[in-house]
Amino acid sequence: MEWMAWTWPTAAFFIIIASTLTVFTILGIKFPEAPRMGVLRIETTRGDRLFITLLGSAFINLAWLGVIGANQPFALIVCLLYATAVFRWV
């Protein structure tokens, strides 16, 4: 990984994202899901909710860096709460 100047946290991030996409693909094949209507009043599937979660988490982390600073572990807790809410109600 030195040729790309990656750090282990960066590599772990991309490995986790790739693993999540793989798991959601397998879930989508094994257990097809009908879209459901949530609080946004749009039909969403698991993949849609995952995308909304990842996009929102990116914005949460950017806002956290801009407002609070580099204490990112607490931003992870906020992102996990956000993800739970999205998968539950969206």
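Biologist: How do α2 and α3 lie relative to each other, parallel or antiparallel?

Modeller: Roughly antiparallel. This is a predicted model, where local features need pLDDT of at least 70, side-chain atom pairs count only at pLDDT 80 or more, and totals for chains, interfaces and linings use all residues. Residues are numbered from 1 along each chain as its sequence is written, and side-chain values use heavy atoms, with hydrogens and water left out.

Biologist: What's the angle between α2 and α3?

Modeller: About 150°, with the axes of α2 (residues 46–67) and α3 (residues 72–89) 9 Å apart. Over 145 degrees counts as roughly antiparallel, under 35 as roughly parallel, 65 to 115 as roughly perpendicular and the rest as oblique. Axes are lines fitted to C-alpha atoms, for helices over the stretch in contact, and angles run from 0 to 180 degrees between N-to-C directions. Helices (H or I, at least four residues) and strands (E, at least two) are DSSP runs, numbered from the N terminus.

Biologist: Which residues make the contact?

Modeller: Among them are Leu50, Ile60 and Trp64 of α2 and Phe74, Val78 and Tyr82 of α3. Contact means heavy atoms within 4.5 Å.

Biologist: Switching to Ser57. Buried or exposed?

Modeller: Ser57 is buried, at 13% relative accessible area. Buried means under 20%, exposed over 50%, partly exposed in between (1.4 Å probe, protein chains only). Ser57 sits in helix α2.

Biologist: And what does Ser57 touch?

Modeller: Cys79 and Tyr82, leaving aside residues up to four places away in sequence.

Biologist: New topic. How many salt bridges does the structure hold?

Modeller: Two. A salt bridge is a side-chain nitrogen of Lys or Arg within 4 Å of a carboxyl oxygen of Asp or Glu.

Biologist: Which residues are linked in the network?

Modeller: Glu33, Arg46 and Arg49. Arg49 meets Glu33 at 2.8 Å, N to O. That pair joins distant parts of the chain, 16 residues apart: Arg49 is in helix α2, Glu33 in the loop between α1 and β1. Arg46 meets Glu33 at 3.9 Å, N to O.

Biologist: Is Arg49 buried or exposed?

Modeller: Buried, at 2% relative accessibility. Glu33 is partly exposed, at 29%.

Biologist: Last one. What's the phi of Arg41?

Modeller: Positive, about 65°, although Arg41 is not a glycine. Arg41 lies in the loop between β1 (36–37) and β2 (43–44). Arg41 is exposed, with a relative accessible area of 62%.
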